[in-house]
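Work through the exercises below with the sequence and the 3D view open. Try each task before reading its solution.

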Amino acid sequence: SKHVIAYLGLGANLGDPLDQLQQALALLHHSQGISIRQVSSLYETSPVGYLDQPNFYNLVAEIDTVLPPMQLLNMTQKVEQSLHRVRKERFGPRTMDVDILLYGQRIFNLPDLIIPHPRLLERAFALVPLHEVAGDLTLPTGEKIDQAVKALSNDQWIQK
Ligand SMILES: Nc1nc2nc(S)n(CCO)c2c(=O)[nH]1
């Protein structure tokens with residue numbers, strides 16, 4: 001069936017984030033219908049949304065998947081659960097967050113699946129690692145990633 005290149009944003013700021021990110025990548029790579037093609041550098045980033053929490057560690061993985069979007073969403077939620085994701089505050093600290101940033105050139109606006117990720121273009125913690133693995137991509141909504149990353153305000157910049 002049809003192969004789609006998708007981009008997943010991973011983040012963690014509770015427990016042992018580096019170990020959890022490594023475990024999440026291994027789980028994804030060994031999932032049926034998903035193969036990881038590229039992984040960005042690891043970035044330590046200051047929390048966006050709810051500031052009174054530990055720094056996050058973020059990365060973006062480029063995957064080749066034959067899963068339809070809702071099945072890919074199920075897989076990402078299973079990975080979060082196996083990393084003991086406890087959903088408390090919506091923007092609070094978490095052991096693992098796996099967001100579907102892009103799914104080929106597709107656009108979805110479903111109740112529990114909005115792609116491209118709605119806050120992608122204003123979040124350096126997603127856009128900078130995405131630019132690293134897919135810098136010359138144009139979003140299905142028309143924005144060019146390399147222009148969007150340049151447009152980020154300086155205070156949004158993050159260190160590797
Ligand atoms: N720096 C940073 N801030 C965040 N705020 C939320 S919510 N999240 C979870 C991802 O939506 C993050 C994150 O991954 N990194």
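## Exercise 1: The ligand shell

The residues surrounding the ligand are Thr-45, Ser-46, Pro-47, Val-48, Phe-56, Asn-58, Phe-91, Arg-94, Asp-97, Asp-99, Arg-123 and Phe-125; a residue counts as near a molecule if one of its heavy atoms lies within 4 Å of it. The model is predicted: local features need pLDDT of at least 70, side-chain atom pairs count only at pLDDT 80 or more, and totals for chains, interfaces and linings use all residues. Residues are numbered from 1 along each chain as its sequence is written, and side-chain values use heavy atoms, with hydrogens and water left out.

Solution. 
1. β4 and β5 (97-103) are the elements that give two or more residues to the shell. Strands are DSSP runs of E, at least two residues; helices are runs of H or I, at least four, and both are numbered from the N terminus.

## Exercise 2: Helix α2

Task: check the length of α2 (residues 69-82) and find where its buried residues lie.

Solution. 
1. The expected span is 1.5 Å times one less than the number of residues. For the 14 residues of α2 this gives 20 Å, and the end C-alpha atoms are 20 Å apart, which agrees.
2. Pro-69, Leu-72, Leu-73, Met-75, Thr-76, Val-79 and Glu-80 are buried in α2 (buried is under 20% relative accessible area, exposed over 50%, partly exposed in between; 1.4 Å probe, protein chains only).
3. Down the axis of α2, these buried residues fall within an arc of 160°, so they line one face of the helix. The arc is taken from the directions from the helix axis to the C-beta atoms.
4. An α-helix has 3.6 residues a turn, so residues three or four places apart point the same way.
5. Lys-78 and Gln-81 are exposed, on the face of α2 turned away from its buried side.
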